[in-house]
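Q: Hi! Could you walk me through this protein in plain words?

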Amino acid sequence: PRGARPDSTLPSPALGKIGPVQKTPAQVLAPREGAIAETPLPVLLAAIADEERTLTLELRVRALEKRIQFEDGSPVACRSNLLHETLGRFLVEKGKLAEDAYQRALQESAATGRRMGEVLVAGKLVAPFELYRLMQQNLALKILDAFRWVDARWRLSGEDEAAELALRVNPAQLVLTGCATFLPFEVVAGGLELAPGQRLALAERPRHDLASLKLSSREAKLVKLLRDGPAFEALPAAAGLDPEETQRRLY
């Protein structure tokens, strides 16, 4: 990515594949439901961001489910039926809340109907600004965990459903982190076809401003190398990444 968001009159960069044909973001979202094996989660997230959609993305695999809410393309909330992803358990695991304090807050929340965050702030167990920051982290981790759900089904719904608390996570950063760390490598290898000696470059009309991403020093070096149009084989060693790490970031 480089530069500002492209003018709306220009064709949107493609995301997924239909055989040799590329799907536009609108085409990715047109079916309303499908299998993650056919439309990987990073493709869905990028399409929702590019189309600036306000909706809910439902993910289900066996007994597990998540409902990710978006406003104008950005994730703002995620409900999950995994116990360890609740706010209280997340704070305990992060060392921000003692187990006994969590149990007392949980009982008070259940008895009064107040949200866990409200109980924690009222009890001065967590400062308001710190709670907001931790809730953003919790939201991001809930979504990043779903990058592993390669057997899940997805469905779009709730265009008129407002989030209880809009936290907002940068969708481009979420996709980069998810692909670099959480996405199974077989998804990357299947979606990034590189011919021997193929040369690479940065997109001329990117969807996202590069400055909006927090890049590691090696990722920043990879971006700098791409400005010279190198062959893939030269990139890993020059950027200080192994071949798999390089492919993940290119994907």
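A: Happy to; we'll go from the overall picture to a few single residues.

A: This is a predicted model, where local features need pLDDT of at least 70, side-chain atom pairs count only at pLDDT 80 or more, and totals for chains, interfaces and linings use all residues. Residues are numbered from 1 along each chain as its sequence is written, and side-chain values use heavy atoms, with hydrogens and water left out.

Q: What does the pLDDT average out to here?
A: The average is 87, and 89% of the residues score at least 70. That score is the predictor's confidence in each residue, from 0 to 100. Over residues 1-20, though, the pLDDT is below 50. Where pLDDT is low, the predicted coordinates should not be read in detail.

Q: Got it. How many helices and strands does the protein have?
A: There are 11 helices and seven strands. They are DSSP runs numbered from the N terminus: helices are H or I with at least four residues, strands are E with at least two.

Q: And how much of the protein is buried?
A: Buried residues make up 45% of the 251 residues. Buried means under 20% relative accessible area, exposed means over 50%, and partly exposed is in between, using a 1.4 Å probe and protein chains only.

Q: Which residues touch the most other members of the largest nonpolar core?
A: Those are L41, L45, L57, L59, L91, I143 and F147, in a core of 51 residues. Helix α6 (residues 128-145) gives the largest share, seven residues. A nonpolar core is a set of buried Ala, Val, Leu, Ile, Met, Phe, Trp, Tyr and Cys residues joined through side-chain atoms within 4.5 Å. There is also a second, separate core of 13 residues, with L200, L202, L213 and L235 among them.

Q: Let's pick L45. What is it in contact with?
A: Leaving aside neighbours within four places in sequence, L45 is in contact with L57, F70, I143, F147, L174 and V175. Contact means heavy atoms within 4.5 Å.

Q: New topic: why is helix α7 called largely enclosed?
A: Because 10 of its 12 residues are buried, α7 (residues 171-182) is largely enclosed by the rest of the structure. The buried ones include L174, V175 and C179.

Q: What covers them?
A: The cover includes α2 (41-51), β6 (74-80), α6, α9 (217-226) and α11 (243-250).

Q: Which residue caps the N-terminal end of α7?
A: N170 does, with a side-chain oxygen 3.0 Å from the backbone nitrogen of A172.

Q: You mentioned C179. How many disulfides are there?
A: The count is zero, where a disulfide is a pair of cysteine sulfur atoms within 2.5 Å. C179 is buried at 4% relative accessibility, and C78 is buried too, with a relative accessible area of 8%.

Q: What about S109, buried or exposed?
A: S109 counts as buried, at 15% relative accessibility. This serine sits in helix α4 (residues 99-112), and its side chain reaches the backbone oxygen of R114 at 2.6 Å. Beyond neighbours within four places in sequence, S109 is in contact with R114, R115, M116 and V119.

Q: Last one: where is V121?
A: V121 is in helix α5 (residues 116-122). V121 is partly exposed, with a relative accessible area of 29%. Leaving aside neighbours within four places in sequence, V121 is in contact with V126, P128 and L131. The C-alpha atoms of V121 and L131 are separated by 7.9 Å.

Technical notes. Polar contact = N/O pair within 3.5 Å; in protein donor to acceptor, adjacent residues only side chain to side chain.
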